[in-house]
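Dear colleague,

Please find below the structure that I am handing over to you. My notes on it follow directly after the sequence and coordinates.

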2 protein chains.
Amino acid sequence: MSVEDRKMKVLQAIVDDYVTTNEPVGSKSLIERHNFPVSSATLRNDMAELEKMGLIEKPHTSAGRIPSDRGYREYVDSLMTVDQLTEAEREDISKRIDTTIFEARDLLKNASAALSETTGLVSLVMTPRLAGSSLLQLKILMIEPGKALVVMVLSAGVVKDKVVRIPNFLTPEQLKEISDSVEKSLNGKPLDEITLVTLATSVKETKIPDSLLNQVLYETYTAIKQADKLDVFLEGEHNMLKLPDFSELKRAQSLLGTLSHDGMVAGYVNEIEKEKTGGDDTYMIRIGQEIALEGLEDCSFITTTYKIGDTISGNIGVIGPKRMDYSKVISQIDFVRYKINEQIKNING
Amino acid sequence: MSVEDRKMKVLQAIVDDYVTTNEPVGSKSLIERHNFPVSSATLRNDMAELEKMGLIEKPHTSAGRIPSDRGYREYVDSLMTVDQLTEAEREDISKRIDTTIFEARDLLKNASAALSETTGLVSLVMTPRLAGSSLLQLKILMIEPGKALVVMVLSAGVVKDKVVRIPNFLTPEQLKEISDSVEKSLNGKPLDEITLVTLATSVKETKIPDSLLNQVLYETYTAIKQADKLDVFLEGEHNMLKLPDFSELKRAQSLLGTLSHDGMVAGYVNEIEKEKTGGDDTYMIRIGQEIALEGLEDCSFITTTYKIGDTISGNIGVIGPKRMDYSKVISQIDFVRYKINEQIKNING
DNA sequence: TATTAGCACTCTTGGCTTCTGAGTGCCAAA
DNA sequence: TTTGGCACTCAGAAGCCAAGAGTGCTAATA
């Protein structure tokens, strides 16, 4: 084994040990726990070099080493081995997923809960990105005078709806006329290509007075626009309090404070998703300082993609301390993702 | 002022002081802050008696006194004066409430956020209790073969829907036939009086084969039953970490752990709502040990009722430390409740 | 009887010191 | 390049002490 190889083994050992013990790891305990065929003095030299390379660091002079953000990065990119879950672990996750759920949103919530429970971390699920999916049906139903329900069916059978205000004296027949023309002309159009103008042209031939028409169109438009809004479910925030990493109240405060702004988190996940290079089944991992959200400096994000049909996708993942068992967590996310995909196929098939 | 009266004044002063300072309050500082026309020794005697009565207690021998649960109860029931919010405070809350929201659920979420921000505590909003409200419309819309949307309009214009599975080869016409008969016969019926049998009799006269019919009926039934499910929104859990009352990690852990089970919290609120004696605009206050939820021994619940129309109601309130400014919080809840009621009237009117 | 001054006693809190042990860096030898 | 050895560092635990806030009790007083 070359010296370089050994240094990497040392880094790997440091990460592994630190993740399990949460104690800075020193040369002596490293020798004890792993069977390096060299002395502690040699490891000390290696560690000094790893530190020079910026992969590990000391909390203070006379302490052991902990991985730096770059150290974790190296570990995740090159050293870590992701192994399969055991049958029991798979079984455990499967049990938590309710196979009777028939609506995507509920399914995602359920999966999120399952993920947070099995990892003991914060789980994160983004609702599907629908902007690019197309409108297959659109119905405007009269609820009562002045109030209607816009129901949209999108690609892959996703259903969205919204209650809207309409002119009081619009009759059900008029509404149906509008609804039918809009549906006819928008059918198959991607959501993000629909504009107020598209809508207006679609009803040119109806005989309903413009003043009435306009409000209905505008409300319908907002309903369509709202349909592709991204929601995020965060679950298990309280798990973070159990971790020694957040036993300092201030850290916990700032972490949970930030996580409470789910819009910000959603925005961030969406952001990094755009920068993603690999395929749908790869992982986005963001470590420590790489995360551009206040209060998450000591955290890592791991997210991946689930799919609804061929085109629609969303994200699922976890937020945990930098010091987490990346390998295990990744395989857990992977299995949950697999379950989601499977069940969605089930629903749509 | 009689001796008894003074003792109550002393209790009141102790609660007030303790709420603001979070320090056990002693006889001397009591004299300093309030102008009791007696000496500290007299107050010491009074305090000894209040302690005998179980209204205050000592954390340890040589500390000041803090209110006991019963002390808070006495304070809340008889001593506290609830005063109006200032114009600025009202203004602040009003600003946080988005008046463009048109759907009850969103409105409630928004109000919940507003309440949590202004109180700095955890806000709690229950979705409306719909079990007793009646079904005004019911439509089953075909989404794609095998999949339909059940849309229900309830009293006061509340809309609920659910995607359900239907037999693959059921035609839109058949579905419409079922939908129409069901709607016709259920029209005006309270949700909780609808059973599978009611549904079955409503479609007796259709010519659709039973095998097809049964699945649709069953799914419709589950949709109706699911419509009156109570949800609860908790917001601002992270605020609790800022309070000195939960600076001990263990308390914070167990509190947030329990709050993460929102089903349990919802169940509990529903429970105490049933026991409620006063009118709709009264407050339910539960203090410390009175709360039958693990981890909330140091908390108080304050809830009240908002209304949708004349019959439908739900709860809104906060969860905070026992040591909170009851008077202020109550007036804040009250104002948010007022805003909700007002805006719902707006929507429905 | 209700109130008050005085006093001895209690207990937490915060500051200080000391001690211990794990860990480091470096040097000289193998 | 590796190793044994050694002096040095520093966080954290343990122990100690003094200060301060508060109490209960007693005896005197209105």
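Chain B and chain A bury about 3,000 Å² between them in this predicted model, and 62% of that area lies on carbon and sulfur atoms. Phe102(B), Leu241(B) and Leu249(B) supply 21% of the area that chain B buries against chain A, more than any other three residues. In terms of residues, the contact takes 33 from chain A and 33 from chain B.

The largest cavity has a volume of about 50 Å³. From chain A, its lining takes Leu141(A), Met142(A), Ile143(A) and Leu149(A); from chain B, it takes Gln137(B), Leu138(B), Lys139(B), Val151(B) and Val153(B). The elements that give two or more residues to the lining of this largest cavity are β4 of chain A, together with β4 and β5 (147-154) of chain B. By class, the lining of the largest cavity has seven nonpolar residues, one polar and one charged.

The second largest cavity has a volume of about 30 Å³. The most comes from β4(B), which gives three residues to the lining of the second largest cavity. Sorted by class, the lining of the second largest cavity has five nonpolar, one polar and one charged residues.

Among the open spaces, I would draw your attention to the second largest pocket. About 560 Å³ of space lies in the second largest pocket, and 19 residues line it. Which of these residues lie nearest the centre of the second largest pocket? They are Lys139(A), Leu141(A) and Lys176(A) of chain A, with Lys139(B) and Leu141(B) of chain B. The elements β4 (135-144) and α7 (172-186) of chain A, and β4 (135-144) and α7 (172-186) of chain B, each supply at least two residues of the lining of this pocket. The largest share, six residues, comes from α7(A). The lining of the second largest pocket divides into ten nonpolar, two polar and seven charged residues.

With regard to cysteines, the count comes to zero disulfides over all chains. Cys299(A) has a relative accessibility of 0% and therefore counts as buried. Cys299(B) is buried as well, because its relative accessible area is 0%.

Asp46(B) is found in helix α3 (residues 40-52) of chain B. Is Asp46(B) buried or exposed? Asp46(B) has a relative accessible area of 3%, so it is buried. Leaving aside its neighbours within four places in sequence, Asp46(B) is in contact with Arg6(B), Lys7(B) and Val10(B).

Most residues other than glycine have a negative phi. Asn22(A) is not a glycine, yet its phi is positive, at about 60°. Asn22(A) sits in the loop between α1 (3-21) and α2 of chain A, and with 22% relative accessibility it counts as partly exposed. Ala156(B), again not a glycine, has a positive phi of about 60°. The place of Ala156(B) is in the loop between β5 and β6 (158-165) of chain B, and its relative accessible area of 27% makes it partly exposed.

Finally, Ser39(A) lies in the loop between α2 (27-33) and α3 (40-52) of chain A. Ser39(A) counts as partly exposed, at 38% relative accessibility. Ser39(A) and Leu293(A) are 254 residues apart in sequence, and their C-alpha atoms are 42 Å apart in space.

With kind regards

How values were computed
Residues are numbered from 1 along each chain as its sequence is written. Chains are lettered from A and ligands numbered from 1 in the order in which they are written. This is a predicted model: local features need pLDDT of at least 70, side-chain atom pairs count only at pLDDT 80 or more; totals for chains, interfaces and linings use all residues. Side-chain values use heavy atoms; hydrogens and water are left out. On a 1 Å grid over the protein atoms alone, a cavity is a set of points where a 1.4 Å probe fits but cannot get out, and a pocket is an open set with protein on both sides within 12 Å along at least five of seven lines; lining residues have an atom within 4 Å of a point. Grid points are joined across faces, edges and corners, and a volume is the space filled by probe spheres set on the points. Helices (H or I, at least four residues) and strands (E, at least two) are DSSP runs, numbered from the N terminus. Ala, Val, Leu, Ile, Met, Phe, Trp, Tyr, Cys and Pro count as nonpolar, Asp, Glu, Lys and Arg as charged, and the others, Gly among them, as polar. A disulfide is a pair of cysteine sulfur atoms within 2.5 Å. Buried means under 20% relative accessible area, exposed over 50%, partly exposed in between (1.4 Å probe, protein chains only). Contact means heavy atoms within 4.5 Å. Buried area is the accessible area (1.4 Å probe) that two parts lose on being put together, summed over both.
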